[in-house]
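Please read the points below alongside the model.

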Amino acid sequence: MPRSKNSSTGILEVVNASKNFGAVRALDGVDFALREREILALLGDNGAGKSTLVKVLSGIHTLDEGEVLIDSKRCRFHSSVDARAHGIETVYQDLALFDNLSPIANFYAGRELKKPSWLGCLGLLSEKRMKQNWAELADQLKVNIPEPSEPLALMSGGQRQAVAVARAVAFASRFVILDEPTAALGVRESGQVLELISRLPSAGVSVILISHNLEHVMQVADRAVVLRQGKKIGEVEATPENRTQMVSMIVG
Amino acid sequence: MGIVRTGPLLMLAAIFVTAALTVPVFLTTTNLTNLGFQASIVICLALGQLVVMVTRGIDLSVGSVVALSGVTGSLVADGSLSGGLPVVATIVLTGAAVGLVNGVVFVKGRIPHPFVVTLATFTIARGIALLLANGDPNTGMPHLVQELGAGTVGGFPIPMILVAVLAAITFVLLQRTQWGRWIYAIGASAEAARRTGIPVGRLLISAYVVCGVAAGFCGLIVAGRTNAGSPTAGNLYELDAIAAVIIGGASFAGGRGTVMNAVVGALMISVIRNSMDLMSIQAFWQLVVIGVIIVIAVEFDVLRGYLEDRTRVLRARGTL
């Protein structure tokens, strides 16, 4: 693979990333760089390697070859906790939500506020504080959940997506990765999520967006990287003029 | 959706009233005290079973743990230490130890379902209990153990008080702590919990330890009540515990169930058994009736899932 030496190097770089699952080569020498306050789209057909890449960046998988650099420093994530420690939050395609818990509990899942911190996970939950903080954040992010204390199982697809995105956005210090955030949504709900995404760079967050929907990509993304069969095919500005080029790169 | 939460309580009330009206001696003090003793055993096991069932697990070993912990307790009681506290500690710690084995083998052995692991400890614990006791009950428990299992305060069974305290502790753990929140999260989706950074393995092990401790306390009550450590005690108790939790609205699919409703489920089973005993109905019928109630309870669970789906669809359409 040609190693392009861009003048503006990214704050998050993936270099020569390769990953095998048995005989399947899911990633084959992929390079790309995410710049500061950029929304970078990752495009490709099913099985192109997008989801594998996401899982590598969020600490679920480790690379067989290649590396991930943040601020030019080599990082190796062994779990999602490691990735988070580097400021990376991920919204998975299946959302990784808990149907039996309320939106607020989902929002705080794994980082609940609690009273005596020395008790570890036996500390008592500070439900009041979580409720207040959620109300403020939901207001800031313009996320509207009418009944945030009811189980998530009763919420619509858009509301669930909103909870997942809000969780990532609120806790991400630097990067948010979104895997098909609009796939399950209607037109109006997609619009709300896209608007939320487009506001992220101004808050200092850089975004990797995976989507099948080119309209959505062109609407919010700055650049697009196209993958096919685990390889990077090319990289273009995500503008309507480049639409045909993107399509031809995706389908090959 | 309220019916799902209060349903078991209404059912218990209906069964209680029916028993009170149709069984002549049901409401006598003697019988209610007796019912309290019986119920404390089922409630105690149901509390622990609830915790593992919320994680989408199951613990088949609890009945055998009742036997094993009673026997280990009786061995300590036979020795020079007869103060009571060492015996209590031995009984409860035996439960914790079996729970720890269950959890560690299940999690570290990467075994797909706890059914197999706890089925193994179900026979192993029973076998060790029989070996240690040479097949016969060891009679003679310290006064403290007898009081905890068979004593009364103003006619009120002490084991009921013990179990009420345990229920309160379980409630706080499950509903008020981060640990409890994580237990429910794991039950809904262990994979999502892992991705959220929850230490799933350690949490699962702790759930089986909690269940083992509850089984140990049940062993304490049984040992006190029979004044013996019997290797044949607790036979089939695990089924009552599982049935109580299911009747109380928990789901085999995990993530659901409350302490209140598990206690209600345990009371329901105890009232049914007690009143059928009083009516001199053959014990075999009790098995049939409890089986039928389990099927009804599971059907409720299916119905609840359906109602949730409907609610979601209607809300998405904006008609609710």
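1. In chain B, helix H6 (residues 143-150) packs on helix H10 (residues 200-226) with the axes 7 Å apart and at an angle of about 100 degrees. Axes are lines fitted to C-alpha atoms, for helices over the stretch in contact, and angles run from 0 to 180 degrees between N-to-C directions. H6(B) is therefore roughly perpendicular to H10(B) (65 to 115 degrees). Helices are DSSP runs of H or I, at least four residues, numbered from the N terminus.

2. This is a predicted model: local features need pLDDT of at least 70, side-chain atom pairs count only at pLDDT 80 or more, and totals for chains, interfaces and linings use all residues. Residues are numbered from 1 along each chain as its sequence is written, and chains are lettered from A in the order in which they are written.

3. On the H6(B) side, the residues that meet H10(B) include B:Val145, B:Leu148 and B:Ala150; on the H10(B) side they include B:Leu220, B:Val222 and B:Arg225. Contact means C-beta atoms, placed from the backbone, within 7 Å.

4. B:Val145, B:Leu148 and B:Gly149 of H6(B) are buried (20 or more other C-beta atoms within 10 Å of the residue's own, placed from the backbone). Seen down the helix axis, the buried residues of H6(B) fall within an arc of 90 degrees, so they line one face. The buried residues pack against H4 (85-108), H7 (158-176) and H10 of chain B.

5. Between chains, 23 residues of chain B are in contact with 26 residues of chain A. On the chain B side, H8(B) gives the most, with 8 residues.

Key: Contact = placed C-beta atoms within 7 Å. Helix = DSSP H or I, 4+ residues; strand = E, 2+ residues; numbered from the N terminus. Parallel < 35°, antiparallel > 145°, perpendicular 65-115°, else oblique. Buried ≥ 20, exposed ≤ 12 C-beta atoms within 10 Å, placed from the backbone. Arc of directions from axis to C-beta.
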